[in-house]
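Please keep the sequence and the structure in view while reading.

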Amino acid sequence: MLARLSIRDIVLIERLDIEFSRGLAVLTGETGAGKSILLDAFALALGGRGDAGLVRHGAEQGQVTATFDVPKGHPATKILSENGLDDTGEMILRRVQLADGRTRAFINDQSISVQTLKAVGAALVEIHGQHDERALVDASTHRQLLDAFAGLEKEVAALETLWEARRTANHVLDEHRASMERAAREADYLRHAADELKALKPKDGEETALAERRTTMMQGEKIASDLREAQEAVGGHNSPVPALAAAVRRLERRAANSPALVEPAVKAIDIAINALEEADQHLSAALVAADFDPAELERIEERLFALRAASRKYSTPVDGLAALAAKFVSDVALIDAGADQLKKLEAAAAEADQRYGAAAAKLSAARSKSAEKLNKAVNAELAPLKLERAKFMTQIDTDAKSPGPQGIDRVEFWVQTNPGTKPGPLMKVASGGELSRFLLALKVVLSDRGSAPTLVFDEIDTGVGGAVADAIGARLSRLAGQVQVMAVTHAPQVAARASQHLLISKDALDKGKRVATRVNALAADHRREEIARMLAGAEITAEARAAAERLLRAATA
């Protein structure tokens, strides 16, 4: 419910802080006092359309903050979770209107989009007036309201699951059919390509390995003679190793006589001999690597030619031929085995269709049965609201050929305002005053189901008085036993039934140079005085005060 509303610098409002409680709160005041401004400010905090004209003259920006106590599990908390916002139990909606027309939106001091603010606001508050687009005149909400009245939410959720399963089964079937049709058109080509690539047996990385081997072999032929000449010099007949080895042996025999002179030279010659032997080993290995079989080179070149030809033919890199071959094999297999799979998928789709259709038909029958109960309940509320000749009806158009996640029904609330007239949609047929009373009757019936926790009624008693106004007040009071209700009213019969009475007025400031709207919570005598004013007008008489007292006593009886 709405716990607190704070308004800063909006039109005639400089600073307002209003505390709200459960039950029925009425807002009264003379015409032009600022009741509409208050509702416009509240609507702004709920995500309504911003307007630079809302900013008080001389201010750079206006701001409205609405604080709600929200129970756990309320749909508004789900919206917060879906948008990554913190849920602290207390939900603070804040809207800043800048003088240049721009607005900024916040929930719990976290910046959010206006669309998110509007979604949360719609879950928390419903505003109903004679011509308010936020009222229950949107036909798209009527199916949801009927389901809430009938307690069919679980059945609808189950149907949505079946719809998703049906959609998935048909999507898989359509994809398989499309693949089969595509494969069938290319059947001969696919079989030939699959056979050709199967025979080729391409491997990832094969081209690179073959090209490197081919390069090595071709370069080896050019340097083989140089390698042999070098090996002859190092380890052949002209090798200095034997002479060096003989020299070392002779020096070693002299080492005992003059070690200081001999040992360094012997050590250095040993290193030289070892280095020459190592060089000989490397040269021998290089000659082996450089040596090649011309037939092997020819085979490598033929393989490279075949791989690159296939690459050009299928417009695929050589390294992609293996994957392409697998795809061709899969497509051929699809052609061969696709018929059997198609039958299985068709059976699965048919079963999903049947399960959805049965559940949708059952839900449709439950809606039709519940619609009769809803019609009876709403029509029972019409006579006291001076709509005794009118008739409310729930129009259900069922079309199994136009299914959807919530079923095969299109639900719309219709009315017939007088016998013999043509029924039609609620918004099109009912006049402004009739519409507000139809909506009140509907909300009374739906008060404990499918309702936002806070309802606002804007002058729905306009144009009525006496018993009808009293009937409206009684129903608003009844409704307030289930949800929080706020009503802007000119009817004393409605005001007398409130548990909280707020008087909206204008104060002159700066010696009459400007005015500002203020709100006072009334109690006891002040409340009786305001109701007397609503009864008598400008001059409050003793009779008006007595009548106001009787209204207050009757409301609490």
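Two strands are said to pair if DSSP finds at least two bridges between them. In this predicted model, nine bridges join strand β4 to strand β5 (residues 90-98), and these two strands run antiparallel. Strand β4 (residues 61-69) is also joined to strand β1 (residues 2-10), here by six bridges, and again the direction is antiparallel.

The table lists the two pairings.

| Strands | Bridges | Direction |
|---|---|---|
| β1 and β4 | six bridges | antiparallel |
| β4 and β5 | nine bridges | antiparallel |

Individual residues can be located within these pairings. The bridge partner of I7 is V64 in β4, while Q63 stands opposite V96 in β5.

Helix α1 spans residues 35-45 and is mostly covered, with nine of its 11 residues buried. The buried residues include I37, L38 and L39, and also A41, F42, A43, L44 and A45. K35 likewise belongs to the buried set. After α1 comes G47, which has a positive phi, near 105°.

S431 lies in the loop between α12 (426-429) and α13 (432-445). Is S431 buried, exposed or partly exposed? Its relative accessible area is 38%. Because a residue counts as buried under 20% and as exposed over 50%, S431 is partly exposed. Between S431 and E412 there is a separation of 19 residues in sequence and of 17 Å in space, taken from C-alpha to C-alpha.

Conventions: Residues are numbered from 1 along each chain as its sequence is written. This is a predicted model: local features need pLDDT of at least 70, side-chain atom pairs count only at pLDDT 80 or more; totals for chains, interfaces and linings use all residues. Side-chain values use heavy atoms; hydrogens and water are left out. Helices (H or I, at least four residues) and strands (E, at least two) are DSSP runs, numbered from the N terminus. Buried means under 20% relative accessible area, exposed over 50%, partly exposed in between (1.4 Å probe, protein chains only).
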